[in-house]
Amino acid sequence: MSESEQFCTLFIGEYRCAVSVLSVLEVLSCQRLTPIPLAPTTVAGLLNLRGQILTVLDLRASLLDPGHQVSESPMILVLERDGQPLAFLVDAIGDVIRPSGDELLPPPETIPARLRRLTVAVINQGDLITLVLDAERVAQAGCAA
Amino acid sequence: MSRDELGEELREFLIESFENLDRTENDLVGLDLGADNHEVLAATFRTFHSIKGACGFFDLEHLSRLAHEGESLLAVLRDSPQLLGDPETQLLLDLIDGLRRYLAQIELTGGEGDEEESDLCKALQAARAYLESGGLARSPTEPSSRPSQVQLAPNIVVFTPTVESAPTSPENSAPLPSHVNLLDQAIRVDVELLDRLVNLVGELVLVRNRTLQIDASLQDADLSAAVQQLNLITTELQEQVMQTRMQPMESLFVKLPRLVRDLARSLHKQVRLVTTGGDTELDRGILEAIRDPLVHLLRNSVDHGIESSEERTLAGKDAVGYIGISARHEGGSVIITISDDGAGIDPSAVGERALRLGLVSTESLSDMSDRERSELIFLPGFSTSEEVTNVSGRGVGMDVVRTNVEQVSGTIEVNSVPGQGTTVVLRIPLTLAIIPSLMLLVANQRFALPQLSVVELLRLERESMADELAFVGETLFLRRNGQLLPVVDLASLLGLREATPNYALQLITIVVVQLSGREFGLIVDRVVDTQEIVVKPLDVFIGAIGVYAGATILGNGEVAMILDVAGIASCAALSLEEVAVAELAGVVDEVIEEELVLLVDAGIAGLIAVPVYEIERIEEIDSGALECLDDQPVIQYRDAVVKLLTVSELLGGTRDLPDSGPIRFLVPSFGVSDRVVAIREIVDITTIASMTLGSTIIAGKIVRSVSLAEVLMTELGGGHERV
């Protein structure tokens, strides 16, 4: 991870997370999704992204405990994996940050197990801790759920 | 002569020859005299040789002779490449032009014409004679010193008046433009590129739909005009692009005669194969998918269907067996029929065998109709051949055929008369990319249901609901024509609603679908309309849910799931065989009762029996009182305008109203007040068993039982009015 790498921050419940901006295709305000009856709860629904149908995975359902407070106006984050877009529902999208090299640390043991699987690093900026998620693992977690 | 009028082989010969000649011409022009030209000359030799070879096949005498002279000259040159000089190269180029003239003539008229290129032939002979004799003395390094050049040059001018200019400049060369046309008509395109085009057009169709909706809400005249144009062009483009993926059935049919002949010989049978409708076009992907099933069915016909010549003669049949394969379009699908005049399928033999193989139980077998028994051949692991032959293999059989056909959303049906033959009917959609679908509303969510699997739409009114719907064990059944139809409530199946049918509703709508020849009903909230939808694939883990065949984008930009009938059946644990056979047996017994029916002559629909309770009145009007509204005959009846429908059109046939004289019609006794049904004559009033479905025999005549309520409901749901 180079020093100049930029991260897009996002919020899932009380967690402040980030993904590499290079993996982000786009960010959409939440649109009407078509629910898929009988699909796992981690599937938020189907999205029409300019003629392409995307399955939107609800990261909050796969990462947080049931019964957590969800945002009224969630955002859709579209990441790229193997050239294919993958859409995720998150509570909010924050700034793009550019951490310095000494702010990037390996993930500590204290992160809840479900999140730790997806976390490749943390960014420690003063009192702000940001979990750096790996898009690939996030996608796998969503699909496997 | 258009490309269609030329035979397929001749066309290919022309295209190939033109291509070869072009290449040979380039090779010859690029020749470095004096270098080792052996390979080029050998290739040139092959070009002429293959043209000559094909000429014999197409009976082209002149072309053959010219190619032969060229070949002979080349044979000499090939062995002694050092003899090739400018005059010879020029002569060969002229020869190429001569060949092209013949080919162009064939392309235009289908024949080579009467003109002989005798001068050219003579020049070729002379050149060969020269090379074979004195040419040997010539040194390849000083070709210009030969006297023969002078000798040959005038010849060239004489025999090629039309191509005096350099043959290498195509714009001046007379025969070139026409063959360019033929080459242009057929270019090779990567199938993936076509698939991408089809996908892109699919997107365009969706954008078009969206634009149409926006336009409707804005009401801007300029925009409307532009959108209308976009609409037309998109539709045209869609048709044309789909067309690029279409291939005629012929491409599959051509391989069959040989297959049948070989099979028949190895089995010591005589079989005549007749294929019709080879020009019927089908998406190449689907064509690919039905190749194996078709071959399998054909093998079955030859192996199991057609009897040996002796047996056939004994049975009073022609010693030569007949197998017919036909393909035709019918309402958005392709119907492929494979029929033979062989031994047919013996339902009891099929039943016994299924029993022996442990595929059915004795009890269920005894309850089956002949048709149901015949359909046991579709069970996995079923094979009727007593011995295992290398022709039809073993075990794997009709179940694989059916699976393959259903994979492309097709259906298969077997009709057989023991001793007279078997007919297998495949119904295959034209394309998988865009399918006509019924748009359903279930718990306020839209779903698409491919129309191919829809048999009919039924509506139940509240009063009759309790009578007609009943639980047997866990499964809900609908009484229909005295038969029990398993019914699934889509909303509860999809987990969208808890309760099974909502009896508080005024009406419930049931979509009857068929799967593998079995029918079952789906309770939906509403049938919205029908739409041509573009099928989009789903992520693997969503597809794994099993009840969805894909998704599509609606005109308003929303996404709708496409339901998979087979998936729904298995999800609802509709063990259809079991339902139809075991559980039903007991229940059906209860509902057998005599029913009073009116026997009616319904014109081309034949004799029909209508339950008397469905008829309120029988009336008669003069055909002069008939009026037309939107191409639909209407009459004034009791101060209201009612539609006059004929039995035939209600049963899916054509309208058949008499041109003159009185028209009798039945006024139905139930809810539908704006429709009456025209008939010809009242024949009788009689009783039949109320569970009689389909047809029955009364007084020696075949009579079809028809429920007016049902056919009118279906007609009502069929698009004339919103349900």
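Colleague: What makes D91(A) count as buried or exposed?

Modeller: The relative accessibility of D91(A) is 9%. Buried means under 20% relative accessible area, exposed over 50%, and partly exposed in between, with a 1.4 Å probe and protein chains only. D91(A) therefore counts as buried. Please note that this is a predicted model, in which local features need pLDDT of at least 70 and side-chain atom pairs count only at pLDDT 80 or more, while totals for chains, interfaces and linings use all residues. Residues are numbered from 1 along each chain as its sequence is written, chains are lettered from A and ligands numbered from 1 in the order in which they are written, and side-chain values use heavy atoms, with hydrogens and water left out.

Colleague: Why is the contact between D91(A) and R60(A) called a salt bridge?

Modeller: A salt bridge is a side-chain nitrogen of Lys or Arg within 4 Å of a carboxyl oxygen of Asp or Glu. For D91(A) and R60(A) the N to O distance is 2.7 Å, and the pair is a salt bridge. D91(A) lies in the loop between β7 (84–90) and β8 (92–97) of chain A and R60(A) in helix α1 (residues 59–63) of chain A, so the pair ties together parts that are 31 residues apart in sequence. Helices (H or I, at least four residues) and strands (E, at least two) are DSSP runs, numbered from the N terminus.

Colleague: Which other residue forms a salt bridge with R60(A), and what are the closest atoms?

Modeller: D58(A) does, with the closest N and O atoms 3.0 Å apart. R60(A), at 5% relative accessibility, counts as buried, and D58(A) is buried as well.

Colleague: How many salt bridges does a search of the whole structure find?

Modeller: Over all chains, 17 are found. One of the pairs is R655(B) with E649(B), whose closest N and O atoms are 3.3 Å apart. R655(B) has a relative accessible area of 35%, so the residue is partly exposed. In chain B there is also a network of salt bridges that links D22(B), E25(B), D97(B) and R100(B).

Colleague: How many disulfides are there over all chains?

Modeller: A disulfide is a pair of cysteine sulfur atoms within 2.5 Å, and by this rule the count is zero.

Colleague: What makes β6(A) and β7(A) a pair of strands?

Modeller: Two strands pair if DSSP finds at least two bridges between them. Seven bridges join β6(A) to β7(A), and the two run antiparallel. They form a hairpin with two residues between them, and D82(A) in the turn has a positive phi of about 50°. M75(A) stands opposite V90(A) in β7(A). On strand β3 (residues 24–29) of chain A, S29(A) stands opposite M75(A). That strand pairs with β6 (residues 75–81) of chain A in the antiparallel sense over five bridges.

Colleague: Why are β16 and β17 of chain B said to stand at the edges of their sheet?

Modeller: The sheet is open, with five strands in the order β16-β8-β9-β18-β17 (chain B) and mixed pairing. β16 (526–534) and β17 (548–553) each have a single partner strand, so one side of each is left without a neighbour in the sheet. The twist averages 35° from one strand to the next. Within this sheet, β8 (residues 434–442) and β9 (residues 445–450) of chain B are antiparallel and joined by six bridges. L441(B) has R446(B) in β9(B) as its bridge partner.

Colleague: What is said of phi in A443(B), and where does the residue lie?

Modeller: Phi of A443(B) is near 45°, a positive value in a residue other than glycine. The residue lies in the loop between β8 and β9 of chain B, and at 28% relative accessibility it counts as partly exposed.

Colleague: How do you know whether Q219(B) is buried or exposed?

Modeller: The relative accessible area of Q219(B) is 69%, so the residue is exposed. Q219(B) is found in the loop between α8 and α9 (221–244) of chain B, and has a positive phi of about 55° although it is not a glycine.

Conventions: Axes fitted to C-alpha atoms, helices over the stretch in contact; angles between N-to-C directions.
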